[in-house]
Amino acid sequence: MNAGQLFATVTCLTGVILLLGWYYVAIDNPRSSTLLLKSVALFVLPTFILVALPQELFRFPLSLWIGALIEECLKGIAAATERTRLNRFVLVALFGIWELVWVKPLWGLNHSAFLADWNNMQLAALTAAAVVTVLMHCVTAEIYAFRFGGRLLYALPASWAVHVAFNESVGLLGVSLLASAVQFLVVAVLFAVLWPKGFRLAFEQEC
């Protein structure tokens with residue numbers, strides 16, 4: 001197993017574990033299965049089409065910014081299809097998990113030659129960076145679900161700004177366990193700040 005295959009396997013298995021954890025947490029939600037299927041329709045299938053396109057189409061200035069905008073538009077559409085804040089959050093949070101299940105592993109397989117000389121420590125750092133991305137997507141899920149009263153006019157650019165800032169931090173800090181730890185700390189603090197107070201009572205009333 002080469003480095004690209006190892007990275008793909010580990011990230012995919014981690015994503016599957018998180019997906020199972022998501023389903024376990026959401027099992028009492030009567031819409032959990034519907035939300036899961038909706039995430040496939042609104043994220044997995046569109047991104048599958050995008051990934052299948054020639055990669056030369058995406059090699060232009062600010063391509064990462066445009067890619068983040070496309071992702072956030074998909075998440076915004078998903079959020080707009082749900083009535084309650086809880087379901088908006090649970091649905092949009094799935095986007096990060098799906099990215100870890102198949103987008104990151106596919107990237108690893110397609111870049112096996114690039115990763116060929118990476119040692120185990122570097123691969124561990126790359127995997128950690130991929131996992132932190134899930135938390136970043138959870139932060140954007142909070143923005144769509146809990147902030148701005150569900151108004152996409154404000155939630156979409158705010159989430160896009162968070163997404164772009166996270167992507168740019170990867171280029172700035174590089175790939176290392178220390179960089180992933182710093183990113184995790186910053187994103188975790190942001191997640192805690194955005195999480196609504198008294199969420200249990202509010203969510204019980206919505207359900």
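**Aromatic pairs in a predicted model**

Ring pairs link F89, F146, F191 and W195 into a cluster. The model is predicted, with local features requiring pLDDT of at least 70 and side-chain atom pairs counting only at pLDDT 80 or more. Side-chain values use heavy atoms, and residues are numbered from 1 along each chain.

User: How many aromatic pairs does the structure hold?

Analyst: The structure holds 12 aromatic pairs. Rings of Phe, Tyr and Trp (its six-membered ring) pair if their centres lie within 6.5 Å; planes under 30 degrees apart count as stacked, over 60 as edge-to-face and the rest as tilted.

User: Why is the pair of F48 and W102 called tilted?

Analyst: The ring centres are 6.0 Å apart and the planes stand at 40°, so the pair is tilted.

User: What makes this pair a tie between separate parts of the sequence?

Analyst: F48 lies in helix α2 (residues 32-52) and W102 in helix α4 (residues 85-110), so the pair ties together parts that are 54 residues apart in sequence. Helices here are DSSP runs (H or I, at least four residues), numbered from the N terminus.

User: Are F48 and W102 buried or exposed?

Analyst: Buried means under 20% relative accessible area, exposed over 50%, partly exposed in between (1.4 Å probe, protein chains only). F48, at 52%, is therefore exposed, whereas W102, at 17%, is buried.

User: What makes the pair of F89 and W195 edge-to-face?

Analyst: The angle between the planes is 75°, with 5.2 Å centre to centre. F89 belongs to helix α4, and W195 to the loop between α8 (177-194) and α9 (199-206), 106 residues apart.

User: Why is W195 called partly exposed?

Analyst: Its relative accessible area is 22%, so W195 is partly exposed; F89, at 12%, is buried.

Definitions and conventions. Helix = DSSP H or I, 4+ residues; strand = E, 2+ residues; numbered from the N terminus.
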